[in-house]
Amino acid sequence: MFRRKNTSSHNQEDEDLHHQAKIKELKDAIGPLSGRNSRFCTDACFRRYMVARNWNVNKAKKMLEETLEWRSSYKPEEIRWPEIAIESETGKAYKANFHDRQGRTVLILRPAMQNTTGKENQIRQLVYLLENAILNLPQGQEQMSWLIDFTGWSMANSVPIRTAHETSYILQNHYPERLAVSFMYNPPRIFEAFWKVVKHFLDPKTFEKVKFVYPNKNDSVEVMKSYFDEENLPKEFGGKAILKYNHEEFSKLMIEDDLKAASFWGFDYKDS
C-alpha cells in the first residue's frame, strides 16, 4: 500500500514538473510582454492555454497570440456598462448574486428574454459579462458556471446560427478553460434541431461541460444540485431561492465594477 502511494506521489510530482517546464517553454516562445498583455498573461493564463491545447506548446502559442491580437483590437476590458446596458434590460443575461459550491462566479442566461436584434452588441454584452465574471472570481479560482434557462424559448427568439458560431468561437478560443460547466435547463423539444447545428461549433472539451437538465428527470436535476446549494439555486432552476432581476440595482453594481476594471487594467475610467 505504501509503495503504491509513494509511486503515485512521485508520478504526480513528475507530472507537475513536466507541466511547469512546458509553461516556461510557452512563456519563452511568447517572449517579453508589456502593458495590458503582461497583466493578462499570468502563470494561470499560460496554464489555461496549455490545457486547452493538450500541453502542445506550438498550438498553445498560436492560440494565445491570436487572443492577444484580438484583445488588442477588440479591447474587451474597455467595454463599459452604459454601452451594453440595453441588452440586459429584460434580464436575459447577468451575473448571479450567488456562487456555486466551488465558489465560482455564476452567469444566468435566459434566451427567451431576447430583446434586441443587433449581433455586434449582443456579443459585446456577453464579452462584457465574461470579463466582469473573471474580475469577480475569488482568489485562486479560474472558472465560472453558467445557468441557461430555456423556459419560454422558441425559434422566434433564438439567435442566428452565425451569432451562435461567433459566440462559441470567442468563448473557446479567447477564454479557454474559463467555463467549468454550463447547465441547459428545461430546453423545449424544438431546441434539439437548433442544438444539432450548434454542437458542431463546440470542441470536445467544451461539449463535455454542457449538461442538459429536465425538471421531470430526477437524475439530471440531482447532477445540477451537486454543483449548487439548493438554498442559493433559484426556484426557476429547481432550487429554493427567489430569482428577481432588478435592472436598476444591477446597473449600479456594474458601474462600480467598471471602476474596478479600469483600476485593474491601469487606465482612467473617464478617458476610456
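This is a predicted model: local features need pLDDT of at least 70, side-chain atom pairs count only at pLDDT 80 or more; totals for chains, interfaces and linings use all residues.
A helix in this text is a DSSP run of H or I with at least four residues, and helices are numbered from the N terminus. Met 224 sits in one of them, helix α10, which covers residues 218-225.

The protein chain contains 11 helices and five strands. Its radius of gyration is 20 Å, close to the 19 Å that the globule rule gives for 272 residues, so the chain is as compact as a globular protein of that length. Taken along the principal axes, the box filled by the C-alpha atoms is roughly 55 × 50 × 35 Å. Of the 272 residues, 45% count as buried. The chain exposes about 15000 Å², and carbon and sulfur atoms supply 51% of that area.

Contacts can also be sorted by distance along the sequence. Among contacts in the protein chain with a separation of 6 or more, 76% are between residues 24 or more positions apart.

Is Met 224 buried or exposed? Its relative accessible area is 0%, and a residue counts as buried under 20%, so Met 224 is buried. Which residues does Met 224 contact, leaving aside neighbours within four places in sequence? They are Leu 147, Phe 183, Tyr 185, Val 213, Leu 233 and Phe 237. Lys 211 is 13 residues from Met 224 in sequence, and the C-alpha atoms of the two are 8.3 Å apart in space.

Lys 211 comes up again in the surroundings of Ser 182. Ser 182 belongs to strand β4, which runs over residues 179-185. With a relative accessible area of 4%, Ser 182 is buried. Not counting residues up to four places away in sequence, Ser 182 touches Trp 146, Ile 148, Lys 209, Val 210 and Lys 211.

The next topic is charge. The chain carries 40 positive and 38 negative side chains, and the centres of these two sets lie 4 Å apart. Side chains of opposite charge can pair when their charged atoms come close. The structure holds 21 salt bridges, and three of them are described here.

Another salt bridge links Glu 230 with Lys 225, at 3.3 Å from N to O. How do its two partners fall into the accessibility classes? Glu 230 has 27% relative accessibility and counts as partly exposed. Lys 225 has a relative accessible area of 19%; because the limit for buried is under 20%, Lys 225 is classed as buried.

Salt bridges that share partners also join Arg 36, Arg 71, Glu 77, Glu 78 and Glu 131 into one network. Within this group, the side chains of Arg 71 and Glu 77 meet at 3.6 Å, N to O. Both Arg 71 and Glu 77 are buried.

The loop between α3 (43-52) and α4 (57-74) is the next stop, and Asn 54 lies in it. Phi of Asn 54 is near 50 degrees, which is a positive value in a residue other than glycine. Trp 55 is placed in the loop between α3 and α4 as well. Phi of Trp 55 is near 65 degrees, again positive in a residue other than glycine.

The last stop is helix α1, which spans residues 2-30 and includes Glu 15. At 38% relative accessibility, Glu 15 counts as partly exposed. How far apart are the C-alpha atoms of Glu 15 and Val 197? They are separated by 38 Å, and the two residues are 182 residues apart along the chain.

Technical notes: Residues are numbered from 1 along each chain as its sequence is written. Side-chain values use heavy atoms; hydrogens and water are left out. Helices (H or I, at least four residues) and strands (E, at least two) are DSSP runs, numbered from the N terminus. The radius of gyration is taken over C-alpha atoms; the globule rule is 2.2 Å times the number of residues to the power 0.38. Buried means under 20% relative accessible area, exposed over 50%, partly exposed in between (1.4 Å probe, protein chains only). Contact means heavy atoms within 4.5 Å. Accessible areas come from the Shrake-Rupley method with a 1.4 Å probe; for residues, only the protein chains shown count as cover. Lys and Arg count as positive and Asp and Glu as negative; His and the chain ends are not counted. The place of a charge is taken as NZ of Lys, CZ of Arg, CG of Asp or CD of Glu. A salt bridge is a side-chain nitrogen of Lys or Arg within 4 Å of a carboxyl oxygen of Asp or Glu.
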